[in-house]
Amino acid sequence: MNIKKTLVVIGNGMVGQHFLVNLVNNPIKEDYNIITFCEEPRAAYDRVHLSAFFSGKTAEDLSLVEPGFFEQHGITIYMGDKAAKICRDSKTVTSEKGHSIRYDKLVLATGSFPFVPPVPGHDRAQCLVYRTIEDLEAMQAAAKTGKVGVVVGGGLLGLEAANALKDLGLQTHVVEFAPRLMAVQLDDAGGAMLRTKIEALGVVVHTGKNTSLITDGEQCVNKMCFADGEELETDIVLFSAGIRPRDDIARDCALEVGPRGGIVINNQCQTSDPNIYAIGECALWNGMIYGLVAPGYAMARTVVADLAGNEASFTGADMSTKLKLMGVDVASIGDAHAKTPGALVYTYQNGDTAVYKRLVVSQDKKHLLGAVLVGDASGYGTLLQYCLNGIELPENPDALILPSRSDESVGLGPDALPASAQICSCYDVTKGEICKAIDAGCTTLDGLKSETKAATGCGGCAALLKSVLNSELSKQGYEVNTDICEHFAYTRQDLYTLIRVEEIKTFADLLARHGKGKGCEICKPTIGSILASCWNDYILKTEHTPLQDTNDTYLANMQKDGTYSVVPRIAGGEISPDMLIALGQVGKKYKLYTKITGGQRVDLFGARVDQLPPIWKELIDAGFESGHAYGKSLRTVKSCVGSTWCRYGVDDSVGLAIELENRYKGLRSPHKIKFAVSGCTRECAEAQGKDVGIIATENGWNLYVCGNGGMKPRHADLFATGLDKATLIQYIDRFLSFYVRSADRLQRTSVWMENMEGGLDYLKSVVIEDKLGLCEQLEQQMQTVIDTYQCEWKTTIEDESKLKRFRHFVNSEQTDDNVVFVEERGQIRPADEQERKHFKLVEVA
Amino acid sequence: MSTWQSVCQLDDLQPDSGVCALVSGLQIALFYMPQESMVFAISNYDPIGQANVLSRGIIGDINGQIVVASPLYKQHYNLNTGVCLEDEAISLPVYRIRIEHGYVQISVKE
């Protein structure tokens with residue numbers, strides 16, 4: 001009888017989970033009952049992108065475990081239960097909650113803990129670390145009352161943590177013991193450049209500082225005292241001074257550990273007990289602890305292979321990293337400090353743009369040994385490939401870091417890479433594997449990511465992955481057609497530019513100059529919308545009317561039976577009783593079905609075309625104006641009641657919502673736009689699910705962008721914090737103008753941003769830092785739209801010739817007999833097919 | 001035998017767009033392209049959306065065929081033949097139409 005063996009994994013962090021995923025994909029899993037202990041209250045999540053928690057990602061978003069993973073693969077997980085003791089004699093693991101499991105094979109993936117220097121006062125209130133989601137929640141809570149935050153440690157993680165403090169709206173300091181930032185990865189000049197960039201963002205950097213005491217502060221909760229006599233008051237102290245392997249459980253059962261910690265492993269990742277493996281940050285291989293996820297993943301794969309009886313060994317890992325710290329690109333490759341004997345160094349430094357690059361090259365100038373990039377890491381992919389694959393360098397290696405002054409590209413095209421070249425180091429995906437997936441029909445970046453997992457770890461290889469995809473596709477003769485339709489061989493963005501630059505005012509003119517045929521229901525509304533965005537003419541001018549979708553033509557929303565719904569503007573959702581009564585009276589008079597919308601206004605359904613003008617006449621007389629619910633344009637600015645009434649309100653959200661809605665009403669855009677303003681972080685207006693969301697904080701307005709509800713919900717990204725109203729409006733002007741200018745047709749801001757090369761950071765660089773030198777123009781263009789606003793319904797009912805269209809028959813006053821209503825819950829609704837047949841029979845009889 | 005009926009004046013048509021006329025109890029969508037001096041008449045009833053709305057669709061051309069796109073679900077109907085481009089099994093009644101002395105005339109009988 002074949003009795004299954006038992007495999008126990010201690011720790012369900014990133015590496016522990018990667019091990020399980022690889023194990024269940026290997027036939028060897030059939031030999032084992034698999035049991036894992038997870039000390040935290042939730043299964044594995046993405047610690048690499050932890051700071052995303054503060055820009056809106058939830059714990060669920062960060063999860064690395066597919067729903068149902070453990071159940072599906074018959075894995076027992078003891079959640080929130082820490083493995084406390086290993087008895088190697090009886091081969092049992094005992095947990096804190098008293099579970100005792102006999103194992104045949106044991107995998108230690110206990111990870112690491114943040115090192116907290118033993119400074120007196122390190123355990124005071126609001127002295128925190130940055131490792132788990134619970135730590136983040138503690139930071140969030142502390143930030144609610146605090147104003148100042150200090151990160152102890154200017155390494156990679158420390159700067160990530162500083163970014164988090166900054167995002168929480170705190171005045172942020174970084175205190176580093178070494179004389180420079182990121183001492184492990186960068187040299188002095190690179191560290192100095194990074195410092196300049198980070199200080200420009202408002203973070204104060206203190207290097208060469210040794211904290212000697214933390215005690216009571218006067219203005220803040222805490223005061224840090226340094227060895228040089230200086231002091232710094234702060235509410236939060238966040239320790240991020242490196243990690244230490246969690247090897248207690250191994251020590252207690254007398255496994256071999258290193259003199260400075262870490263569970264000693266061999267090339268198969270076996271500890272001194274061959275039945276026990278250790279992987280990830282708790283493991284010490286060849287005297288080294290790897291504090292990166294990619295080597296941990298490589299160890300996990302090695303163990304699976306070893307269990308399966310395959311030959312595999314872990315022989316060290318590349319420690320190259322590329323990341324964006326507070327919007328600053330930083331990368332380090334291989335021997336960044338030029339420790340290899342005879343190594344030659346090339347450096348490039350540009351004080352103006354704050355870019356620093358350094359190449360470390362072998363004595364014979366043939367091979368790249370290492371590199372440092374600060375401020376511009378676009379060359380990372382190419383340089384890493386040179387370094388990892390031993391590709392021979394060009395004659396003048398410095399050309400790789402010098403800015404190119406011509407069209408000549410010094411980059412290593414994807415074609416130059418061998419099939420064995422590793423593209424994604426997190427998931428160990430080679431170029432060959434990627435090409436295989438493309439050959440098998442995977443022709444989109446998203447498809448390739450889910451098929452091969454490439455670029456889904458740290459994401460550093462996304463650009464390279466894309467260029468491999470494009471190169472392979474073009475080799476296969478694919479051509480991606482981005483023409484808007486058969487009448488215009490242009491994208492929406494091209495058409496926008498043509499209309500702006502050539503000052504084209506009509507569809508006919510654009511068609512004559514740049515198109516062919518007669519147009520269609522794709523290009524006509526798109527161009528109608530661009531013309532409106534640029535010149536803001538009345539959309540029912542004779543030459544524009546044929547371009548509009550029916551909703552815009554009739555300034556109302558067509559429903560399934562051909563009737564329309566009417567939505568007057570109720571800016572910010574604020575409405576007086578008299579206005580509400582007026583609305584009710586119109587609804588009653590015309591027997592309309594009445595419903596409150598999600599955007600805090602009222603929708604009146606069931607109006608025939610001929611009823612639209614009299615309905616609007618009454619609404620306008622009562623003081624209403626068009627709500628543009630029919631247009632691809634600003635819909636509503638939803639708001640909570642704000643500080644005027646609410647006990648918790650921090651600022652006047654209703655006032656701001658009304659001001660914004662009135663500012664942007666009527667703006668025609670590639671798709672509808674929704675806003676919301678919340679008066680405090682309780683976020684009752686749900687601003688983080690909107691294209692533009694604003695939340696009041698003690699320090700000013702926080703601006704979120706590119707959120708979405710609907711079919712594909714997307715949490716908005718934090719764009720800027722602590723803004724005054726003038727700056728807030730300036731950013732929104734620029735953001736909207738840039739969206740109108742560059743998005744595809746019917747592309748919401750969320751998808752627009754996700755498809756933008758450079759994503760959120762690029763968007764920030766355009767809108768906040770004016771990288772493209774466009775901001776003045778963007779603001780002007782918005783101002784033009786604002787200055788030329790008109791209520792389209794008011795214009796229409798004042799123009800007899802426009803009203804001609806608002807009748808069902810051109811030659812009769814009769815109405816459409818196919819429109820039939822029945823009553824439900826005291827209001828009308830369209831009759832269904834059965835009911836309609838019945839109605840007709842009755843009428844005939 | 002003349003079956004032509006005047007339904008409205010040419011001025012009542014909407015340039016590059018449509019209106020609906022009631023002719024012998026039938027709802028007929030009339031489209032007018034002044035540049036090309038062309039007029040078209042097809043049934044106003046969208047059999048897919050099941051509503052009388054086609055006169056409110058956008059007109060244009062797809063692969064050389066003059067079409068209207070239904071404002072409800074955007075299927076295209078050939079204005080000369082009435083055939084639905086997305087589903088050739090669906091075909092709308094098409095009517096003869098002409099302009100006489102500034103009047104739009106329709107013939108609903110074959």
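**Chatting through a two-chain model**

Modeller: Let's start in chain B: strand β8 (residues 65–69) and β9(B) run antiparallel and are joined by three bridges. This is a predicted model, where local features need pLDDT of at least 70, side-chain atom pairs count only at pLDDT 80 or more, and totals for chains, interfaces and linings use all residues. Residues are numbered from 1 along each chain as its sequence is written, chains are lettered from A and ligands numbered from 1 in the order in which they are written, and side-chain values use heavy atoms, with hydrogens and water left out.

Colleague: Okay, what counts as a strand, and what counts as pairing?

Modeller: Strands (E, at least two residues) and helices (H or I, at least four) are DSSP runs, numbered from the N terminus. Two strands pair if DSSP finds at least two bridges between them.

Colleague: Which residue stands opposite V68(B)?

Modeller: That's Y77(B), in β9(B).

Colleague: And what is the strand order in that sheet?

Modeller: The order is β7-β8-β9 in chain B, an open sheet of three strands with antiparallel pairing. At the edges sit β7 (58–62) and β9 (76–78) of chain B, each pairing on one side only. The twist averages 40° from one strand to the next, with axes being lines fitted to C-alpha atoms (for helices, over the stretch in contact) and angles running from 0 to 180 degrees between N-to-C directions.

Colleague: Switching to chain A, what order does the sheet with β4 have?

Modeller: That open sheet of three strands goes β4-β5-β6 in chain A, with antiparallel pairing. Its edge strands are β4 (83–87) and β6 (100–102) of chain A. Neighbouring strands here are turned by 20° against each other on average, direction ignored.

Colleague: How many bridges join β4(A) to β5?

Modeller: Four, and β5 covers residues 92–95 of chain A. In one of the pairs, C87(A) has T92(A) as its bridge partner. β4(A) and β5(A) form a hairpin with four residues between them, and K91(A) in the turn has a positive phi of about 50°.

Colleague: New topic: how many residues of each chain are in contact between A and B?

Modeller: 35 residues of chain A are in contact with 38 of chain B, where contact means heavy atoms within 4.5 Å. The two chains bury about 2800 Å² between them, 51% of it on carbon and sulfur atoms. Buried area is the accessible area (1.4 Å probe) that two parts lose on being put together, summed over both.

Colleague: Which three residues supply more of chain A's buried area than any other three?

Modeller: K518(A), E521(A) and V810(A), with 22% of what chain A buries against chain B.

Colleague: How many salt bridges are there across that interface?

Modeller: Three, a salt bridge being a side-chain nitrogen of Lys or Arg within 4 Å of a carboxyl oxygen of Asp or Glu. K74(B) forms one with D549(A), the closest N and O atoms being 3.8 Å apart.

Colleague: And how many over all chains?

Modeller: The structure holds 42. Within chain A, R246(A) and E39(A) form one, with the closest N and O atoms 2.9 Å apart. That pair links distant parts of the chain, 207 residues apart.
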